[in-house]
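Thanks for coming. I will go through one model this morning, starting at the surface and ending with the overall layout.

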Amino acid sequence: MELTLDLAYSQIFNLVSQLPANQKVKIKYELTENSIDEKSEAEMSDFQTFILSAPTMSDEQYSKFKEHRTHFNRWRIE
C-alpha cells in the first residue's frame, strides 16, 4: 500500500514549523546528511584538489605578515 501526498512547499514548511525543537533538529540533521551523501566522490576530490593546490606562505612570508599586521594594528589604534 502506498500513499502519495501532493503538498506545496508552504504546507510542508508549516507542518515542520509546528514540530518540537528536538524533531526539527533531527530533520535538519537527516537532510544535511543525505545531501552530503548525494555528492559524488569526484566532486569532493575536485574540491580537495583545489584546496590542496592553493598557494601557501613560507615561514618567512608568514613572519613578515605577522609583523605587518602588528604595525597596522598599532597605526590603527594610535
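This is a predicted model. On its surface, Leu3, Leu5, Leu7, Ile12 and Leu15 form a nonpolar patch, and together these residues have about 520 Å² of accessible area. Take Ile12 as one member of that patch. Ile12 sits in helix H1, which covers residues 9-17. Its relative accessibility is 41%, so Ile12 counts as partly exposed; the cut-off for exposed is over 50%, and for buried it is under 20%.

Now to charged side chains. How many salt bridges does a search of the whole structure find? The search finds one. The partners are Glu60 and Lys64, and their closest N and O atoms are 3.8 Å apart. For that pairing the criterion is a side-chain nitrogen of Lys or Arg within 4 Å of a carboxyl oxygen of Asp or Glu. Both residues belong to helix H4, residues 59-77, and because they are four residues apart there, about one helical turn separates them. As background, side chains of opposite charge can pair when their charged atoms come close. Glu60 is exposed, at 52% relative accessible area, whereas Lys64 is partly exposed, at 43%.

Last, the layout. The protein has four helices and zero strands, and along the sequence the pattern reads α-α-α-α. What share of the 78 residues is buried? The figure is 0%.

Conventions. Residues are numbered from 1 along each chain as its sequence is written. This is a predicted model: local features need pLDDT of at least 70, side-chain atom pairs count only at pLDDT 80 or more; totals for chains, interfaces and linings use all residues. Side-chain values use heavy atoms; hydrogens and water are left out. Patches are made of residues with over 30% relative accessible area and no salt bridge: like charges are joined within 9 Å, nonpolar side chains (Val, Leu, Ile, Met, Phe, Trp, Tyr) within 5 Å. Accessible areas come from the Shrake-Rupley method with a 1.4 Å probe; for residues, only the protein chains shown count as cover. Helices (H or I, at least four residues) and strands (E, at least two) are DSSP runs, numbered from the N terminus. Buried means under 20% relative accessible area, exposed over 50%, partly exposed in between (1.4 Å probe, protein chains only).
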